[in-house]
Amino acid sequence: MKYDILIVGGGGREHTIAETLKKSPKCGKLYMAPGNGGTAAIAENLPIKATDVDGIVAAAKEKKVALVFVAPDDPLMLGTVDRLEAEGIRAFGPRANAAIIEGSKVFSKELMKKYGIPTAAYEVFDNSADAIAYIKKQNSFPAVIKAEGLALGKGVIIAEDMAAAEAGVHEIMDDKAFGDAGNRVVIEEFLTGPEVSVLAFTDGKNVVPMVSAQDHKRALDGDKGLNTGGMGTFSPSRIYTPDIAAVCMETIFRPSIDAMAKEGRPFKGVIYFGLMITNKGPKVIEYNARFGDPETQVVLPRLKTDFIDIINAVIDEKLDEINIEWEDNACVCVVAASGGYPVKYAKGYEITGLSELAKMEDIMVFHAGTDIKDGKIVTSGGRVLGVTAKGENLDAAIAKAYEAIKSVNFTDMHYRRDIGVK
């Protein structure tokens with residue numbers, strides 16, 4: 001059977017998902033809602049926002065798709081999967097009552113406390129005065145201040161001193177820098193150690209980790225500058241050993257999926273474990289209820305098993321009946337961003353050099369913030385492209401990615417020169 005598939009979303013993650021699905025002999029026609037300038041080459045872009053649940057359901061019916069892949073966080077929290085299932089449409093992704101593991105940091109912290117899953121010590125506050133009083137009393141810096149809800153990966157402030165902490169709490173709670181996401185804050189113990197991202201497929205009972213990855217969040221070289229949605233990523237992590245993976249499976253991955261099932265919130269789809277490898281063992285920094293971006297851009301290109309087979313195994317709760325295989329190599333993604341990102345940047349600049357990249361071996365370009373104007377690909381977001389390379393090891397992949405990115409250009413293009421080095 002050929003599957004016509006609708007992918008919800010329009011970023012680099014969704015372009016990567018589309019390209020991976022396209023490799024399957026079972027893949028029929030692809031639709032994207034809304035897609036971007038890059039997805040237009042392999043799918044039909046539909047002018048529907050990812051958060052327009054009614055529009056997504058209507059499009060799935062009209063196009064008679066066999067499957068809808070709900071990729072971003074917002075549509076998952078809005079219950080897009082629930083709505084599709086209620087209409088008898090197969091959907092990939094967690095239902096809203098499970099997606100809360102990302103949608104509410106308070107929920108996820110309380111879940112970890114209840115089930116003994118290792119994470120940073122924390123307290124929750126619903127007003128700025130109490131939050132500031134607590135930080136003063138703890139007098140431990142840096143202090144980690146997190147907006148409770150979704151803030152596009154930017155609702156976390158690491159305060160180096162009391163003045164920065166007070167300013168951060170006021171910014172989130174009183175100035176509403178992240179809107180209603182800042183109605184409550186989580187004040188957390190600051191953990192130290194290298195960070196690792198591990199994505200896993202889960203059918204609500206079984207959990208199968210993917211290959212590890214690490215990303216670079218800061219805008220500038222040397223992990224300086226503002227936090228972004230991710231300036232680049234690499235897989236595998238240099239520090240995530242088989243021994244650490246075994247500990248994570250026993251203390252974090254399986255207990256997390258079991259905890260959600262016990263809470264009556266079975267989690268089916270992809271779960272993202274943001275981990276810190278501390279001197280007291282691995283601890284959870286955060287959960288995401290979907291593929292991470294830009295981690296997806298280096299994990300999925302290494303997948304050997306048919307992606308559609310995995311999706312069906314997850315939906316049908318038969319993940320234990322499939323063997324998921326990965327390539328024995330490395331992958332690196334360097335993000336080409338608009339100058340000024342993540343604050344203020346211009347859009348609409350023509351992107352040149354993409355045809356040269358298309359001819360290069362082991363090079364993939366995943367579009368994140370692009371559009372088509374007058375037949376030309378132009379910039380339309382902060383993170384514009386993910387220039388991605390495969391190599392026999394990390395050093396080879398890094399060299400290929402940086403050689404490739406020299407070919408692409410747009411006004412004020414900015415990228416980090418140290419992706420994969422940490």
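**Reading this model, feature by feature**

Q: What space lies in the second largest pocket?
A: About 350 Å³ of space lies there. A pocket is found on a 1 Å grid over the protein atoms alone, as an open set of points with protein on both sides within 12 Å along at least five of seven lines, and lining residues have an atom within 4 Å of a point. Volume is the space filled by probe spheres set on the points, which are joined across faces, edges and corners. This is a predicted model, where local features need pLDDT of at least 70, side-chain atom pairs count only at pLDDT 80 or more, and totals for chains, interfaces and linings use all residues. Residues are numbered from 1 along each chain as its sequence is written, and side-chain values use heavy atoms, leaving out hydrogens and water.

Q: Which residues lie nearest the centre of the second largest pocket?
A: Of its 21 lining residues, His 15, Glu 19, Met 364, Val 365 and Phe 366 lie nearest the centre. Helices (at least four residues, H or I) and strands (at least two, E) are DSSP runs numbered from the N terminus. Helix H1, helix H12 (354-358) and strand E17 (363-367) each supply at least two residues of this lining.

Q: How many cavities of 30 Å³ or more does the structure hold?
A: There are three. In a cavity, a 1.4 Å probe fits but cannot get out. The largest cavity contains about 90 Å³ of space, and its lining includes Phe 92, Arg 95, Lys 268 and Ile 315. Helix H4 (80-86), strand E5 (91-92), E14 and H11 each give two or more residues to that lining.

Q: Which strands pair with E1?
A: Strands of a sheet pair through backbone hydrogen bonds, either parallel or antiparallel. Pairing here takes at least two DSSP bridges. E1 joins E2 (residues 27-34) in the parallel sense over six bridges, and four bridges link E1 to E4 (residues 67-70), again parallel. Val 8 shows both sides: its bridge partner in E2 is Ala 33, while in E4 the partner is Val 70.

Q: Is E1 mostly covered or uncovered?
A: Strand E1 (residues 3-9) is mostly covered, with six of its seven residues buried (under 20% relative accessible area with a 1.4 Å probe, protein chains only; exposed is over 50%, partly exposed in between). Helix H2 (residues 53-62) also has buried residues, among them Val 53, Ile 56 and Ala 60, and their cover includes E1, E2, E4 and H4. Just after H2, Lys 64 takes a positive phi of about 55°.

Q: Where is Leu 275 placed?
A: Leu 275 sits in strand E14 and is buried, with a relative accessible area of 0%. Contact means heavy atoms within 4.5 Å. Beyond neighbours within four places in sequence, Leu 275 touches residues including Val 196, Tyr 240, Phe 253 and Ile 285. The C-alpha atoms of Leu 275 and Ile 285 are separated by 5.4 Å, although these residues are 10 apart along the chain.
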